[in-house]
Amino acid sequence: MQGWRKALVLATMLASIAVLAVTAGLASAHGNKANIGNGTLNIMGFGKGDDVAETRAAIASKVVGGTINRPSGSFNDQTFLAAVASGNPPDLVYLDRQKVGSYAAKGAFMPLTSCIKSQKINMKQYRQAAVNEITYKNQIYGIPEFYDVRTILVDNKVLDQSGVSIGALNPAKPAALLAAAKKMVKFDSNGNVTRIGFDPKMPEFFPLWAKAYGVDILSKDGLHANLNAPGAVKALTYAMSLINAQGGWNKFKSFRDTWDFFGSDNQVQKNQVGAWPMEQWYYNVLASGSPDVHITALQFRNLKNQPINYETGSAWAIPKGAKNPQAACAWAKAMTSVSTWMAAARNRAALRKASKTPYTGISTGNSIADQDIYKQTYTSINPFFDEAVKKVLDVQRFSFGIPASPASAEFQAAWQNAVNRVLAGQQTPKQALDQAQKEATAAIKAATK
Amino acid sequence: MATAIAAAPGPLARARRWFAGFGERDTWAAFAFLSPWLFGFIVFTSGPMIASLVLSFTDYSIIQTTHNVGWANYHNALHDPYVRTAMRNTFIYTAISVPLHVIVALWLASLLARVGRFGGFFRTAFYLPQMSPSVATGILYLLIFNGSFGVLNVALRYLHISGPYWTTDPNWVKPGLALMISVWGVGASVVIFLAAIKGVPQHLYEAAAMDGASSWRKFRDVTLPMISPAIFFVVIINTINGLQTFDQVYTAFFNQSTPYGTNASLMYAIYIFQQAFSFLKFGYASALSWLLFLVIAVITIIQIVASRRFVYYEGQR
């Protein structure tokens, strides 16, 4: 067959798969069609996306009906605030769950009590940690969508080369992990790091390390910071000791900045890192760019040797003053329902199969959807990725998130700045976290006045 | 011989002359041509400025009820340690970047003035970086100035110099940023200086040559004084830009995907942005903006006063 004919056949197949997936999703019924008041649903933060986004958007559009306005780009505080200031807020926003609390506390979002009731949304299908993130003062302000989990990603080749056992890569055994990191790290003749042994992923994963040392850095009600709790100080001190044992922050970060993170010459392919905690979506990057790597996924464990997972993700929220809250609610429900996720997963699996690239599944905020996706759409890639995908699914039940707070942004800035000051050698962990605690407490106090 | 010097007209006379100009048709034509800019200035610049002045006395957050807080925002700003840190960083950055920018631009313009055949090519080459988005410059900074493997330190290593960790060492972050941003964006100033150098009358150089002046003396005593208005312009513009520096530093250190900003890289404009758009403290951010405006105004006035001693305008004694 000639090349163009092959392409035509492939394109037809892909189009058919997409149509089938969308039809299947629609056929599985999404309750009553929403009544769009002014004929347009304005969504902010959900511009044109990948196949998973677009398959679900097509289903949700059919469910909601009318015109769907989705300007390009992700959620932007400036754009959102400008729309609110002009008295013309969007009907629906798609944003990071960690932002929901602040906006909810300031009265920018509607509580979804009536939305959940009228659309009969089963909140139990969503993962509890994700729901906690968008619950403020016992009211739910969002519908959870994606769900990022963290496991320790191990490059087996580095382990073999260094003679380190996989059991040593356990944060529950700090001394063994430190020794393993020292064994795996490599330097060139100029003293530059050329391979990182174990990257604690600071400052981003400080909440995970603090939790491993028994500290929730923010109380469940989001009103009390615990940033300078002794466990948090110990966690940061330990994470710093890992970095210092591998050349110190300057050399460590300089080397990390050179990685081809999303490319086929990524740090795992080139054996530039032994292990590091990472979000689950990176398995998908590896599967696409370098499917032949030999990896292992490990659960991150606390000092009691229990698995823990720091989760983050996105959510749908309805701003106060939205002209079409009913349609917005119907859209949020449709986008996050089991059948919609399944349609998107089937479509992606088919697309990947057609393009002969591995498919690692989709991690959603909907626990029922996740189970079905894995059971019905996942096909074996190789033992390494198969085990990793299983581990990602398994770790989800040990999740915790940062609770919604009226000062989420200030709180995040306080601990992130503190960790950065320690990394830069400007303060000790105790000094930095004491300062962060003061700043976070003052910010929360000001926000709750 | 006694020279009669006409007395400069007083402010009243100047104002009278200005108003008298409206009797002429040309004045109206000039204002007609200026009107798009005037409209833009009033609606998009002075309007928001006045609004922000009003907001600076409130706790405006867009989404909550606004209250009058008097001078509290200004009082808090003066006692906010981050304001002091950000202001100090911004001053240090500006103090390094402006002289560096002027020296490099002047040097390149002097070289270009001598290039005959390929002048156009080099002018384009020097101006090209100016065309790249500032966000890209921020990312490039992280790559070029990487302490271990960046092009700059690798080159220094060939000279047996161990380069610093520009992007992570708090002592080297500001010099690194100044070096990158000021040199990268040198193109526009090169063009300005080149035009000024080309405008220096040749007979001045000929006279200097007849007096036996060396190339350096010609540059110091002829070129520099003659192009001093251009230098003054570049200094003023770059000082204001330096004090408002934002995008490259934000991209390199404060972006969501690069959350590594420390006290060493916190610039004043970034702090204003964080207060406004991350923490929704628009009233406080407005007060901070007005403090920056005052600082820039004072520095500019000082520069203008100082320029009277150093800047030579043709036809002026």
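This report walks through the two chains of a predicted model, from overall build to details of packing.

## About the model

Because this is a predicted model, local features need pLDDT of at least 70 and side-chain atom pairs count only at pLDDT 80 or more, while totals for chains, interfaces and linings use all residues. Residues are numbered from 1 along each chain as its sequence is written, and chains are lettered from A and ligands numbered from 1 in the order in which they are written.

## The two chains at a glance

Let's start with chain A, which has 18 helices and 15 strands; these are DSSP runs numbered from the N terminus, with helices being H or I of at least four residues and strands being E of at least two. A compact globule of 449 residues would have a radius of gyration near 22 Å, and the 23 Å of chain A agrees with that (the radius is taken over C-alpha atoms, and the globule rule is 2.2 Å times the number of residues to the power 0.38). Along the principal axes, the C-alpha atoms of chain A fill a box of roughly 70 × 65 × 35 Å. Of its 449 residues, 53% count as buried, where buried means 20 or more other C-beta atoms within 10 Å of the residue's own, exposed means 12 or fewer, and partly exposed lies in between, with C-beta atoms placed from the backbone. Among contacts in chain A between residues at least 6 apart in sequence, 78% join residues at least 24 apart; a contact requires C-beta atoms, placed from the backbone, to lie within 7 Å.

Chain B has 15 helices and zero strands. Buried residues make up 30% of its 317 residues. For chain B, 70% of the contacts with a separation of 6 or more come from residues 24 or more positions apart.

## A mixed sheet in chain A

Five strands of chain A build an open sheet in the order β2-β1-β3-β14-β6, with mixed pairing (two strands pair if DSSP finds at least two bridges between them). β2 (67-69) and β6 (143-148) of chain A stand at the edges with a single partner strand each, so one side of each has no neighbour in the sheet. On average, neighbouring strands are turned by 15 degrees against each other, direction ignored.

At one end of that order, β6(A) pairs with β14 (residues 312-317) of chain A in the antiparallel sense over four bridges, and A:Tyr147 stands opposite A:Gly313 in β14(A). Helix α13 (residues 325-336) of chain A packs on the sheet and touches β1 (40-44), β3 (92-96), β6 and β14 of chain A. The direction of α13 makes about 35 degrees with that of β6(A); axes are lines fitted to C-alpha atoms, for helices over the stretch in contact, and angles run from 0 to 180 degrees between N-to-C directions.

## A loop residue

A:Asp50 sits in the loop between β1 and α2 (51-64) of chain A. This residue is exposed, with 10 other C-beta atoms within 10 Å.

## Helix packing in chain B

In chain B, the axes of α4 (residues 81-114) and α12 (residues 228-243) come within 9 Å and cross at roughly 145 degrees. By class, the contact of α4(B) with α12(B) has eight nonpolar, seven polar and no charged residues; Ala, Val, Leu, Ile, Met, Phe, Trp, Tyr, Cys and Pro count as nonpolar, Asp, Glu, Lys and Arg as charged, and the others, Gly among them, as polar.

## Where the chains meet

Across the interface, 23 residues of chain B are in contact with 28 residues of chain A. The chain B side divides into 12 nonpolar, 10 polar and one charged residue.

Note on methods: Two residues are in contact if their C-beta atoms, placed from the backbone, lie within 7 Å.
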